[in-house]
Structures are given as structure tokens and as C-alpha cells.
Amino acid sequence: MAKRRYFLGETVDYRDAVSTPDEAMNMKFEMLAEIADHIPGLIFAKSKDGKFIYANREFERLFKLEREWLLGKSNEDFMPRETAGVLAANDRIVLTEGVPHRFDEPILIEGERRLSSWLKFPLFDESGAVCGLAGLSIDVTGKRRNEEALKESTARLEALIHAIPDIVVFKDAKLRHLLVNKAAEKFMGLSSQEVPGKTIKELLPPKAAAPCRASDEKALAARGPMHSEESFVTDTGKTVYLDTIKAPMHDEHGRLTGLVMVSRDITERKRTEEALRESEERLRMFVDFTSNWEYWINPDGTCIYVSPACRKITGYGPEHFRDSRQLLALTHPEDKSLFAAHLEEHVRESDQQVDLDFRIVDRQGKERWLAHTCQPVYDKDGRYMGRRASNSDITEKKRAEEQMKLFVDLIDRFDDALLVFDLATGRPTLANEKLCRNLQYTREELLGMRPWDISVRSPDYFENRFREIRKAGSILSEDHHRRKDGTTFPVEVNAKYTTVGGREFVVAVIRDISERRRMEQELQRAQKLESIGLLAGGIAHDFNNILTAILGNITLARMFLPPEEKAAERLAVAEQASMRARGLSHQLLTFARGGAPITETTAVPYLVREAVGLAVRGSNVRDEYEFPSGLRLVEADPGQLNQAISNLALNAVQAMPEGGILAVAAANVTLPGDNSLGLPPGNYVRIDVRDQGVGIPGEIQERIFDPYFTTKEGGSGLGLAISFSIVKRHGGTISVDSVPGKGSTFSIYLPASKSTQYAPPAGLPEEAVTGTGRILVMDDEEAVSGVAADMLEMLGYRVTTVRDGAEAVAAYRQALAAGDPFDAVITDLTIPAGMGGKETVRRLLEIDPDAKVIVSSGYGNDPVMSDYARYGFKGIMPKPYRLADLSRVLLEVLGRERA
């Protein structure tokens, strides 16, 4: 029924209120203007050039401006350029054509874009020419939005209906089709244009249409949705089954407007259920002979069927399992809550298939693992009938999995890396944690790589290697592996061939041999030093004996000449040259094997400043020092350590020919047991010698401590080797960190002393001090014993010389018996084919426990020289020595009152 529309207005006769036509016209205009001001839309009039000649009050409200200001203005004066341009274009259409037009024009009001519907019409002058235009605007933004929203909603609804796989049909109250979805079109074999307006009788055969029509009429009369199962026979004789829901539709006033139907084709399900029923007996016979424990549980928990296999798995027969409670009773206590929750799921008729593993305890009390799977069962009407389930005994599988977990855990604890390759694919199938750490990859990353992805070798190398392994059974080789960050390290690979289940595998045990290589290099370096030491020790001994005679005679000769004599000057030069030769001899002795440095408690800053200061003297290199308070003391041979530091400092000075800073710092460090330096754990003092020189290329850094290896023109290659040997003899080591072009840092590590007390060395006499007493000199070299006797006599002592220990013991015993004993004995340490110093001092102390015996030797490497007091000696006299050296030692041994 159409809605009635009403108009309410007011008529006023104003003819009696005016006296002239002009007044009447003005009053008429004022009344029209008043009416226009109350209209909720924009009303305006413009001249032909687009200037406003009238605007109602709505302009003031919307645009926030005064009407008096607007008169004489155009759209461009208060609207955005784009909006003003659209309005002006439409104005020109009306002015040009001279007929009214309707436009939808956008207006920007307070930053919001709104849509207005405009009715614009021309204004004519008295001659009938267009002189302007007027217009009325209504805001249609909300209306358009609602229309668009309705259109979008309708489109989405239609798309949704057509996407539904079930048959969807809308009919009017007379059961004529209004809309069908794609599934309905396909089911009926008709297009969407053929269906609307037609009844079911016009679309389906009579036998099929009649029951559908009856069902539709019943649904129209129902108060709510009606669920039913419909079937009909098609023209081809095929029976079709539909699971259908029909519901009446009503308008807002409750009047019946039509019917909606949703149907699902369940023909295949029906056939499946029928086939299931037909095969159920055959299936029962089959499952009775399967190894799996099959059963069917009703919704109430009772068992319809239990296969005989339950006896083999549980020890109980089918008769024992009347319902699910018996099965729950067998469940392992730790899994009971899990299985109980699953049984509860049956009651809720879950459509999901369930798979889970749980344990039971069988009739013999043994624990067994079951793999349980079950799914819902429905009857021909779709009613839930319970679940059919299957249990298989996976106890052995679980044990194998546990063993595999144990195996994986075990190989992850290996000290060596482990990698297993499948020869068929060439890819890893197993990698342990140690390999992951060594290569910096995750296990997942490694299992996706090829062997040449982690090795420096090519793919061809591994193809050949795999063939060799298959033929030989196992191969031990060395390789270099590449970490994720690109660095490489040496490895030893023990690869073995094996087969598992007909598949070929290579099991590779990979050992990081970086430490072994480092130790081998250290051993090779030590062996080189030892070989040279054997030669150096012998040369230095003979050289020192010769130097003793030379240096002693030069010293004595100088004493017989006035200082101003030319010969005295030449002898002084010769003495200095001999002292430099003694320094060279000391360097040779550093390589001699055996023995230890003659150590004493020493402060590192004292030694470092002295050694480095001498090295930089006269160069353009500035030395800087950093020694923290509380720096530990070390047990060191001051002379040897001074030489080691001096060599490093000289090397730094030579690396900075243009000058620079030689920075020396020391610090207390504590090394753990697994330190990379190969030193025992404990407290150490580290001395860093840092230069700003040219640096050392990486390829030669491992060789710089090798004897006679040098990159300097005219260099001997002994400086760094000597430093390394000295520090090693002190129980420490030297490391180097160098970047070409940025300088080098040599770090000395020395064991810290347990002592905390240190006294700087007192000044020793540089000039010879005379004395009195009787001295026995034992040496097999006449040149050495002769010059020693001459120097001692020059100092005021009486001297007796002998060639070996036997003569010395006899002479000492004879002097005691005569009442004229020796005050001191100076004995050579080594006498070829005779009694040496070590045996001699023992024999002398047996004769006279107070005997003062001084050991003298050209071998600085003998243990006696580093720990002379332990063998009974009261002092040492390293060869070669000067008159002042001899005087100093006698001063220390005999005391100042005798010297």
C-alpha cells in the first residue's frame, strides 16, 4: 500500500497591507527571503559573471561568513580552487544552454568533503536574455553513503550466498523462485535467468516436484526453521537425498513474505553408509585377524565390538572390555588423566579424528606403549553412533626412540665433532652439538649443506674421497673447515663407510687440531732451538775460555801502562771489543739446552725501563710506560730478561724508521686451565711492547720466533728467537698481535712470584779491590788458569793452580795439614776426562765443611750455574771475566774484611 504524503502551509492575503505595486513586490521578496532563510539547504542567485547577488542564511552557517560580505564575491573567494572550478563549470553549462540542470557537486566544509545535489536554473531579463542563474542545494552525503553501503552490503550478501557450497533458494509467499545460488543452479541444471518467477512444478519433474511443494507449504505454515531429509528420483532414475532446512521469512510488520531453503546433497553419504553396512560384516571378519586391537565404543561408553587382538596386547580377552572404564583402568597412572580427557571427548561427539600415544599396564604388570587412533561414526540419518578406534602396540618403537634420543644425547656429549653423510644424496643426516659449535651453524643449517660448504675442498675432491672410502672402508685425513664467519681451522677427519637398511653412509669423526698444530709448531721451534743449543753450548764454552785469557791479559796489560799511552788506549778498545764478544757468547748460551736461568726476585718496571731506554737511545722513537700499582714481582734472571726485552724493543725501533711511540705496559693477569697460550693456570705478569710500525704479514707471523728467520736485510734472525727462548726458560711465553700497516704488540707472560718483598740491587764496585789470602785455581786450560793466577796475584792473593779435581783435593788436603789452608777455591765446572767442579766441591766439603768454593764455567746452561748454592758452592764466576769481576766475587765470598 502506497504511503500517503501531506503538505502543510499557510496562505496570507497581503493585498490590503500595501499601497503600491513596488511595496507589494518588496514585501513579496522579503517574505520569500524569510522563507528561504528557513530552508535547510543552500539557495543563491548569481549574476552572469559569477558574482553572488543573493544567498540565504544557510551560507552563513555552513561557510562561517557574513552574507553582506559574500554579495559581489565569486566561489573562488571562499572555496578551494578545485571545488570552485567544478561549480563554475556547471554554472557555465546553465548559462550557455539557458535551461535548468541538476548536478551532484562536492563541497569542502570545515575540512570534510560533502556531496550536494544542486538544481540550477537560468535567470532572464525583460528582453528574455539570460542575465544570471539561481540554485538550490541539498546535502545528500549521508543519503549517498547509505545507498553505497546498502549496495555494498547487498553485493557482499549475494557473493556470500553464491559462495556457499550448499543449495540456497529464496521464494516468495506464493512459492515462486526469487533467487538461487550457484550450487542450486548446478543442482537443477538451470541458469539464474531461467529460475526467477517460476514455481517448483515448472522446474522439476512431477514426481520430484510434488513432495518438495508439500514440504514448502509445510514450512510456510511453521513458526520457525524446519529440518528434514528429502529424497526424489530424477529423470534418469537416480535417487537424490537432500538434508534440508526451510524457514519462513516475514517483513517488519510480521507479514509472511516468502521462504528460504538451504539444502545439502547427502546422496554420496547415504550410499557410503549403505556400503558401510554391507561391508561391516566382512570388515568384522577381517579385523578379527589383524594384529591391531580394534573396538567400537557407543556414545554411552559401552563397547559394541572388541577384536581378539586385545588378548595379545593386554593379556585380557574381549569379554573383559565391556565399556571404556576397563580400558581406562589399564592406563598407566601417569597417562590416566590424558586418556580420561580423550574419553570425555567422545561424549561431546567431536568430529575430529584423534591420534595419541599412551601407556598401559598389561595383565603381567608390564608397561606397554599403545598408538591410539579413533574417529566418529554416524548412522544413515547422520546420528552420532560413537567412535571406532584402533590400538597398536608400539612398545618396541618407543624403546627404539628412547635409544635414539639417548644416542643423540650421547653424541652431543662427544669431545669430537660428528657428521653422518648419506652417500645417495651427499647430504648430512646427523650432526652433533660439538660440530655446530665449531662451525657456528645451527643443526638445521648443517643438515641442509654439502660437505664442500664447510670445507675448503672442491666438490670433485669429495666425490673422489667418497669412492675411496667405499672401497677402503675407512680413511684418516686432514682438512681445513670453514666457519660461518669465514675463518678456517685445521681438522683431522676419521671417515668410515657403513650401511644401514641397504643405504650407504659415511660416519665422520672430526677433531679440531688447531691446538695440536700449535703444539707441533712449538715443538718444532723447541727442537730447532735445542739443535742450535747443542752447537752453541760447545762453541760458547770454548769461546768463553779463549775470551777469559784474552780479556784477563788485556786487563793485566793495561795495568802496566800509564793511561796516556797509546798502547793503553788500544788495549781499552780491545777490552771493549772483548766485552761485546762476551755479550755475543751470552746470546749463544741462551740456545744451549738444559739448566735454568739464575733467577732472583725482580721488579718488572726496573728491568723494562733499563732495557727499553737503552734500545731507543739515539733513535727518533719515544718510549712511554704504564705500570699499575700492585704489579706482581717475578722470579727472573735479570740479565737474560733484560736481553729478551731489549731485543723486542730493538725490533720495535727498527719497525718504525720514521719514528713513533714505543709503548710498554704491564698488568697482572690470571690464566684459566684451558687458556689458548698453553701455559699452566695461575697468576702471571703480562708485559706488552707495542709499536706503531709496519706490522707483520699474517703468513709469516708463525715463523718470526724461528732461529735465523729474518725479513731485515743484514739481520741475524736471532733477536726474537733469543727472546722467545729466554721467556720459555722462565716458564712463560710470548704472543704477537699484528696488523700490517698498524703496528705490532708483543706480549710476554711471566709466572708471578709468590714473594712480595723486593730490594733494588745495591751498587757493585766497578774497580778492582785488592785483598789477602791464599787461592786455589783449578782449570784444565793453562791459558785460563795462568791469566787467573796473574790477576789474583795482581790483587794481592797467593795463588796455586791445578789441572783437575783430583789435584785440587790433594792440594787442599796438603795445605790443611801444613797449617796454611786455602781461603778460597776457584774451580772449573767441566774437566774432560777428569774430576769436574761438582765432584770436587763435594770432596772438598767432606774434608773441610767450611771450604769456600767458587764455580767458574763457560757453560751458562748447566744447572749448577743457576742454582750453585744447592751444590755447595759459595759463589759463581761466569767466563769470561775481568779483573773487576774477579775482585767482586772474592769480595762477596770472603767478605770485605778479608778482601
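## Basis

This is a predicted model, in which local features need pLDDT of at least 70, side-chain atom pairs count only at pLDDT 80 or more, and totals for chains, interfaces and linings use all residues. Residues are numbered from 1 along each chain as its sequence is written, and side-chain values use heavy atoms, with hydrogens and water left out.

## Cavities

A search of the whole structure finds five cavities of 30 Å³ or more. A cavity is a set of points, on a 1 Å grid over the protein atoms alone, where a 1.4 Å probe fits but cannot get out; lining residues have an atom within 4 Å of a point. Grid points are joined across faces, edges and corners, and a volume is the space filled by probe spheres set on the points.

## Largest cavity

The largest cavity has a volume of about 230 Å³. Its lining has 19 residues, and Phe421, Phe462, Asp479, Val493 and Ala508 lie nearest its centre. Two or more lining residues come from each of S16 (417–422), H16 (451–454), H17 (459–472), S18 (474–482), S19 (488–500) and S20 (503–512). Helices (H or I, at least four residues) and strands (E, at least two) are DSSP runs, numbered from the N terminus.

H17 gives the most to this lining, with five residues. By type, the lining divides into 14 nonpolar, three polar and two charged residues. Here Ala, Val, Leu, Ile, Met, Phe, Trp, Tyr, Cys and Pro count as nonpolar, Asp, Glu, Lys and Arg as charged, and the others, Gly among them, as polar.

Five strands form an open antiparallel sheet in the order S17-S16-S20-S19-S18. Its edge strands, S17 (427–431) and S18, each pair on one side only. Two strands pair if DSSP finds at least two bridges between them. Six bridges join S16 to S20, and Phe421 stands opposite Val506 in S20.

The twist averages 30° from one strand to the next. H17 lies across S16, S18, S19 and S20, at about 155° to S18. Axes are lines fitted to C-alpha atoms, for helices over the stretch in contact (heavy atoms within 4.5 Å), and angles run from 0 to 180 degrees between N-to-C directions.

## Second largest cavity

The second largest cavity has a volume of about 150 Å³. Of its 15 lining residues, Phe187, Met188, Ile200, Leu204 and Met261 are the closest to its centre. S6 (167–172) supplies the largest share, three residues. The lining comprises ten nonpolar, one polar and four charged residues.

Methods:
On a 1 Å grid over the protein atoms alone, a cavity is a set of points where a 1.4 Å probe fits but cannot get out, and a pocket is an open set with protein on both sides within 12 Å along at least five of seven lines; lining residues have an atom within 4 Å of a point.
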